[in-house]
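Student: I would like to go through this structure one question at a time. Please put it up first.

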Amino acid sequence: TDLNAFIDELPKAELHVHIEGTLEPELMFALAERNGIALPYGSVEELRAAYSFKNLQEFLDLYYQGAQVLITRQDFYDLTMAYLKRAHADRVLHTEIFFDPQTHTERGIAFETVLDGITTALSDAAHELGLTSELILCFLRHLSEDDAIATYEMALPHRDRIAGFGLDSSEKGHPPAKFERVFTRVRADGFKVVAHAGEEGPPEYVRDALDLLKVDRIDHGNRALEDSALVERLAREAMPLTVCPLSNLSLAVVTDLADHPLRQMLDAGLVATLNSDDPAYFGGYVNQNYKETQSALSLTKDELALLARNSLTASFASPERKAELL
Ligand code: HPA
Ligand code: ZN
């Protein structure tokens with residue numbers, strides 16, 4: 001349609017994408033073979049057929065299992081470059097990528113192997129495609145705060161390559177309060193702070209991400225809509241939300257895109273952005289998220305342009321880069 005062409009051409013940023021969640025089944029099989037790792041699936045088709053999730057945890061179990069094929073610096077480079085090329089095709093001008101080092105260091109992969117592979121691809125894409133990026137290290141919330149602190153200390157010598165820190169993995173039972181101390185340090189050291197909140201967890205987790213972690217953006221934020229005072233606050237503070245509709249549909253956070261809270265978010269004047277989260281697992285990169293949401297919620301051209309503009313303004317790009325983007 002006319003609007004799909006408009007979406008394809010819209011200059012945009014992607015602010016919520018887990019690099020491990022961009023591992024396409026084809027690349028997973030290729031890396032398994034390259035590294036001599038046996039996968040519990042006979043084929044790409046069999047693996048794709050397993051991508052049917054009742055909730056966040058069912059997805060996370062497969063996502064962590066899939067990440068085990070990532071061993072060498074070259075593996076992390078290939079993973080990242082494949083995503084960057086795909087994002088470039090969606091007219092993503094700037095991207096902010098999450099990575100989960102604990103998933104790898106727990107398996108004996110060096111932090112530097114992960115970081116060097118990813119950041120070499122980021123720098124090649126900046127030169128070759130003009131696609132700029134920032135990197136956000138996510139702590140796994142199912143692990144302890146002490147484990148997050150140890151990971152933070154591993155990252156500090158590389159602080160010039162990391163823009164900020166986030167919080168992902170199993171939300172229920174792992175509230176923001178569990179990570180208050182580490183994020184106090186992160187902020188004092190001058191990094192940006194984000195956190196997944198209100199994906200499966202209650203509105204209180206969104207409020208605590210604001211009050212205790214003092215986040216610069218909320219990742220997801222869907223369940224904030226259950227609390228009208230919280231919605232008013234998010235609007236007043238112009239707090240950006242990185243919304244991921246196809247992820248929400250895949251993980252049964254919503255049962256139908258027509259019921260997606262993005263409609264209420266826009267009507268309440270919240271600074272919403274659209275993102276792919278884990279596109280290899282959820283069936284679509286960023287433009288597919290725009291297109292399916294447009295169709296389900298009858299988003300107008302102006303609303304689509306606003307969502308794309310929000311993604312650029314809410315980014316952590318340098319002031320110089322932001323001036324070019326806007
Ligand atoms: N939620 C929480 N943790 C995650 C996700 C998500 O959608 N994707 C990758 N890690
Ligand atoms: Zn996410």
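The questions and answers below concern a predicted model.

Student: How many helices and strands are there in the protein chain?
Tutor: The model is predicted, and local features in it need pLDDT of at least 70. In the protein chain there are 17 helices and eight strands.

Student: What radius of gyration does the protein chain have, and why is it as compact as a globular protein of that length?
Tutor: For 326 residues the globule rule gives 20 Å. The value for the protein chain is close to that, so the chain is as compact as a globular protein of that length. The radius of gyration is 18 Å.

Student: What percentage of the contacts with a separation of 6 or more is between residues 24 or more positions apart?
Tutor: Of the 326 residues, 48% count as buried. The C-alpha atoms fill a box of roughly 50 × 45 × 40 Å along the principal axes. For contacts in the protein chain with a separation of 6 or more, the part from residues 24 or more positions apart is 76%.

Student: Which residues touch the most other members of the largest nonpolar core?
Tutor: This core has 90 residues. I118, for one, is in contact with I19, F76, T80, F99 and L135, leaving aside its neighbours within four places in sequence. The residues that touch the most other core members are F99, I118, I136 and A209.

Student: Which residues surround ligand 1?
Tutor: The residues of this shell divide into two nonpolar, five polar and four charged. By name, ligand 1 is surrounded by H18, G21, L56, Y63, D168, S169, H196, E199, S247, D277 and D278.

Student: Is E199 buried or exposed?
Tutor: The unreviewed UniProt entry lists E199 for "active site". E199 lies in the loop between β5 (192-197) and α10 (203-211). A residue is buried if 20 or more other C-beta atoms lie within 10 Å of its own. E199 has 23 such atoms, so E199 is buried.

Student: Beyond its neighbours within four places in sequence, which residues is E199 in contact with?
Tutor: One of the residues around ligand 1, L56, is also in contact with E199.

Student: Which residues is D278 in contact with, leaving aside its neighbours within four places in sequence?
Tutor: An unreviewed UniProt entry places the feature "binding site" at D278, which is found in the loop between β8 (271-274) and α14 (279-282). D278 is buried, because 25 other C-beta atoms lie within 10 Å. Its contacts are H18, G21, Y63 and S247.

Student: What is the phi of R91?
Tutor: The place of R91 is in the loop between α5 (73-89) and β2 (92-99). R91 is partly exposed, with 16 other C-beta atoms within 10 Å. Although R91 is not a glycine, its phi is positive, at about 55 degrees.

Student: And what is the phi of A252?
Tutor: A252 lies in the loop between α12 (245-250) and α13 (262-267). A252 counts as partly exposed, with 14 C-beta neighbours inside 10 Å. A252 is a residue other than glycine with a positive phi, near 60 degrees.

Student: Is E153 buried or exposed?
Tutor: E153 lies in helix α8 (residues 145-155). Its C-alpha atom is separated by 17 Å from that of R141, twelve residues apart along the chain. E153 has 10 C-beta neighbours inside 10 Å, so E153 counts as exposed.

How values were computed: Residues numbered from 1 in each chain as written. Chains lettered and ligands numbered in written order. Predicted model: local features only at pLDDT ≥ 70, side-chain atom pairs only at ≥ 80, totals over all residues. Helix = DSSP H or I, 4+ residues; strand = E, 2+ residues; numbered from the N terminus. Rg over C-alpha atoms; globule rule 2.2 N^0.38 Å. Buried ≥ 20, exposed ≤ 12 C-beta atoms within 10 Å, placed from the backbone. Contact = placed C-beta atoms within 7 Å. Near = placed C-beta within 6 Å. Nonpolar A, V, L, I, M, F, W, Y, C, P; charged D, E, K, R; others polar. UniProt positions renumbered as here; feature names shortened; annotations may be inferred. Core = buried A, V, L, I, M, F, W, Y, C linked by C-beta atoms within 7 Å.
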